Amino acid sequence: MVKEPKKEFRKRDFFYLIPLWGLSLIVPDADDLYSYRSREFKRREIYYLGGVLVLPLIWPDPHFHHLMVLAGIYAILALGLSLFLGYAGQISLGHAAFFGIGAYTTAILTTRYSFPSFVAFWASALTAATAAFLIGKPILKLKGYFLALATLGFGEIFLVIVRETQTLTGGVIGIFGIPWFSLAGFSFDTYLKQYYLTWGVLLGLFIFSKNLVRSKLGRAFLAVAASEDAAKSVGIDVAQVKTGVFVLSAAFAGFAGSLFACTMSTANPEAFGLGFSTLIVMMVILGGMGNLYGPILGSILLTCLIDILGRYQEWSLPIYGVILILLLIFFPDGIGTRLGIRLLYLIGYWAKKKKRDEGKF
Amino acid sequence: MPLLVVKEITKEYDGVRALDRVSLEVLGGTIKGLMGPNGAGKSTLFHLISGIEKPDSGKIYFNEKEMTSLEPHEISALGLGRTFQTVQTLGNMTVVENIMTGMHLRLKGGLISSGLWLPRIKKAEKEALNEAKEILDRLGLLGRWKSPASQLPLGKQKLLELGRALAMKAELILLDEPASGLTPVEIQQVSETICQLKRQGITLFIVEHHMGMVMEIADEVVVLDNGHLIAEGPPDVVKRDSKVIEAYMKGKR
């Protein structure tokens with residue numbers, strides 16, 4: 001005998017509704033995750049932006065600010081790589097080199113030639129993009145594992161060049177005393193100011209990428225990833241698209257490298273090795289490919305994780321490895337994507353559970 | 001003047017002649033069928049026309065322009081669309097985006113202007129979306145315009161691929177086995193769509209392994225066997241051709 005469910009509103013419904021309403025502000029809609037509209041701007045993105053703006057103010061810890069500056073810089077890098085890796089479906093294990101090129105360009109221009117850091121910032125992106133264009137022409141003909149190896153080789157060549165050209169780059173010692181980023185006399189000399197600088201740049205590049213992804217170029221990226229033959233059959237110049245997105249992601253890496261040099265005030269070759277390249281790829285994969293929030297989430301997560309594990313000294317690396325393996329097992333398509341699906345599932349589950357309890361199913 | 005001219009084309013794979021001095025013409029505004037048993041060289045011919053592979057000798061003209069040595073995307077840009085034997089919808093995009101990908105060459109906009117989302121890009125995207133929906137409406141896929149292309153059943157994916165070629169405003173569309181793997185109802189739908197396209201003035205060149213569908217809709221049929229062209233003409237004439245019957249029966253004796 002099925003009881004007629006009560007129609008009136010009960011007090012405990014508030015306990016369901018308040019968290020659900022909160023979630024509905026920030027969590028993507030069910031049919032948004034993979035649909036056409038997921039590439040449009042949404043109102044909930046203003047809430048994300050608000051969160052980013054007030055977060056350092058409600059948690060005024062300089063160490064946290066510094067951490068978030070680093071996360072922001074890595075996020076810029078990961079965002080660029082996600083266009084190449086997540087959208088165009090190509091792999092690069094040499095992105096640390098473009099990051100390094102950006103950092104060294106800023107370091108050399110500001111310390112040796114006393115350029116203003118704003119000019120050096122753009123010059124870094126330009127240098128990294130030029131380097132990407134020159135090496136991209138030959139190596140982007142390769143696919144899959146071979147492309148991974150070629151980019152890996154490029155990263156190692158970059159390190160050797162940096163170590164050997166001591167007059168320009170300072171060799172293994174590197175360059176010290178890079179000034180803070182400054183714009184029209186305003187110097188970003190505290191971690192809080194740098195936080196807003198980094199996340200401001202990230203915001204700009206994020207909007208740029210989001211626009212790109214929903215334009216015809218974004219469709220061309222995805223088409224190249226899905227089927228090169230099909231892309232060619234509608235007149236997409238596959239080689240040109242690959243080079244374009246490679247150059248673009250290198251320019252993002254150049255921006256990030258420039259900011260990195262300004263915040264750390266040093267540039268030395270140890271920071272730009274293969275370990276760093278794989279870290280960025282990890283950020284993109286863990287965060288979730290094929291959406292632009294993934295890399296940002298991944299970089300925040302991994303930066304915080306590395307910082308927390310730093311306390312455990314020699315145990316940090318094994319723990320880090322185990323956590324990464326667990327994350328990959330439980331979030332195979334990225335935390336950003338998977339978390340969205342999980343939350344939606346939970347919301348759906350609660351709603352259905354109520355009905356189930358009332359004997360509807 | 002024919003729209004597509006293939007002249008004396010030869011292609012070898014490791015010493016095996018896939019195509020031996022094949023010549024044919026496709027007239028504008030007609031449906032031409034290309035048939036033949038397995039391994040006759042039909043798909044090779046299509047790959048050569050669309051530029052994925054290059055012929056060893058011979059020439060291909062489209063609209064009186066030689067395109068033998070052009071890259072595949074340049075050939076597409078001339079107004080030649082195609083579909084694939086194993087369906088190649090872009091599964092990482094939605095249905096409507098698949099169609100909009102077909103408009104790639106017609107939409108203007110570079111890296112910077114797209115990234116800044118200038119008003120003209122916004123306008124062009126909006127128009128492209130509406131046009132894509134019109135095409136979907138014609139194909140009867142409008143109801144699922146927002147779902148991922150990989151979730152469509154095979155028959156709808158074939159239609160979607162056809163729609164992508166349509167969105168290019170192609171003059172000539174090469175259809176590689178449009179009916180393979182489809183149910184009779186789906187085959188009916190595909191051939192109705194093809195006839196509609198012909199009425200709109202689009203030229204179609206169809207490869208089909210089975211006799212049925214092509215014999216119904218084609219104006220003219222060519223038959224390949226072992227890389228040789230063995231028959232050409234209207235469907236009912238070709239159907240009775242002794243060489244054709246022999247070629248098709250060969251495997252069964």
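Me: How many helices and strands are there in chain B?

Reply: Chain B holds ten helices and ten strands. Keep in mind that this is a predicted model.

Me: How compact is chain B, judged by its radius of gyration?

Reply: The radius of gyration of chain B is 19 Å. The globule rule gives 18 Å for 253 residues, and the two values are close, so chain B is as compact as a globular protein of that length. The C-alpha trace spans about 60 × 40 × 35 Å along its principal axes.

Me: What share of the residues in chain B is buried?

Reply: Buried residues account for 45% of the 253 residues. Take contacts in chain B between residues at least 6 apart in sequence: 68% of them join residues at least 24 apart.

Me: Let us turn to strands. How do β1 and β2 of chain B run, parallel or antiparallel?

Reply: The general idea is that strands of a sheet pair through backbone hydrogen bonds, either parallel or antiparallel. Here β1(B), residues 4-13, and β2(B), residues 16-26, run antiparallel and are joined by seven bridges. Tyr13(B) stands opposite Val16(B) in β2(B).

Me: Which residue of β4(B) stands opposite Val6(B)?

Reply: Ile60(B) stands opposite Val6(B). The strands concerned are β1(B) and β4(B), residues 57-62, which run antiparallel with five bridges between them.

Me: In what order do the strands of the open sheet lie?

Reply: The order is β2-β1-β4-β5 in chain B, four strands with antiparallel pairing. The edges are β2 and β5 (65-66) of chain B, each of which pairs on one side only.

Me: Next, domains. Which residues belong to each domain of chain B?

Reply: The domain assignment gives domain 1 as 4-89 + 154-159 + 166-252, and domain 2 as 92-151. Their centres, taken over C-alpha atoms, are separated by 28 Å. The contact between them takes ten residues from domain 1 of chain B and eleven residues from domain 2 of chain B.

Me: Which helix gives the most to the side of domain 1 that touches domain 2 in chain B?

Reply: Helix α6(B), residues 154-167, gives the most, with five residues. By type, that side of domain 1 of chain B divides into five nonpolar, three polar and two charged residues.

Me: And between chains? How many residues of chain B are in contact with chain A?

Reply: The size of an interface is often given as the accessible area lost when the parts come together. Here we count residues instead. In chain B, 35 residues are in contact with 28 residues of chain A. On the chain B side, α2 (72-77), β6 (80-82), α3 (95-102), α4 (111-116) and α5 (119-139) each supply at least two residues. Of these, α3(B) gives the most, with five residues. The chain B side divides into 16 nonpolar, 14 polar and five charged residues.

Me: Now chain A. Is helix α11(A) largely enclosed or open, and why?

Reply: In α11(A), 22 of the 27 residues are buried, so the helix is largely enclosed by the rest of the structure. This helix covers residues 238-264 and reaches 39 Å from its first C-alpha to its last, close to the 39 Å expected at 1.5 Å a residue. Ser265(A) follows α11(A), with a positive phi near 60°.

Me: How many residues of α14(A) are buried?

Reply: The count is one among its 15 residues, so to speak a helix that is hardly covered. Helix α14(A), residues 316-330, reaches 21 Å, close to the 21 Å expected at 1.5 Å a residue.

Me: Last, a single residue. Is Leu197(B) buried or partly exposed?

Reply: Leu197(B) has 19 C-beta neighbours inside 10 Å. A buried residue needs 20 or more, so Leu197(B) counts as partly exposed. The residue lies in helix α7(B), residues 184-199.

Me: Which residues does Leu197(B) touch, leaving out those up to four places away in sequence?

Reply: Leu197(B) touches Ile202(B) and Leu204(B). Ile173(B) is 24 residues away along the chain, and the C-alpha atoms of Ile173(B) and Leu197(B) are separated by 9.9 Å.

Note on methods. Residues are numbered from 1 along each chain as its sequence is written. Chains are lettered from A and ligands numbered from 1 in the order in which they are written. This is a predicted model: local features need pLDDT of at least 70, side-chain atom pairs count only at pLDDT 80 or more; totals for chains, interfaces and linings use all residues. The expected span of a helix is 1.5 Å times one less than its number of residues. A residue is buried if 20 or more other C-beta atoms lie within 10 Å of its own, exposed if 12 or fewer, and partly exposed in between; C-beta atoms are placed from the backbone. Two residues are in contact if their C-beta atoms, placed from the backbone, lie within 7 Å. Ala, Val, Leu, Ile, Met, Phe, Trp, Tyr, Cys and Pro count as nonpolar, Asp, Glu, Lys and Arg as charged, and the others, Gly among them, as polar. Domain bounds come from an automatic or database domain assignment. The radius of gyration is taken over C-alpha atoms; the globule rule is 2.2 Å times the number of residues to the power 0.38. Two strands pair if DSSP finds at least two bridges between them.
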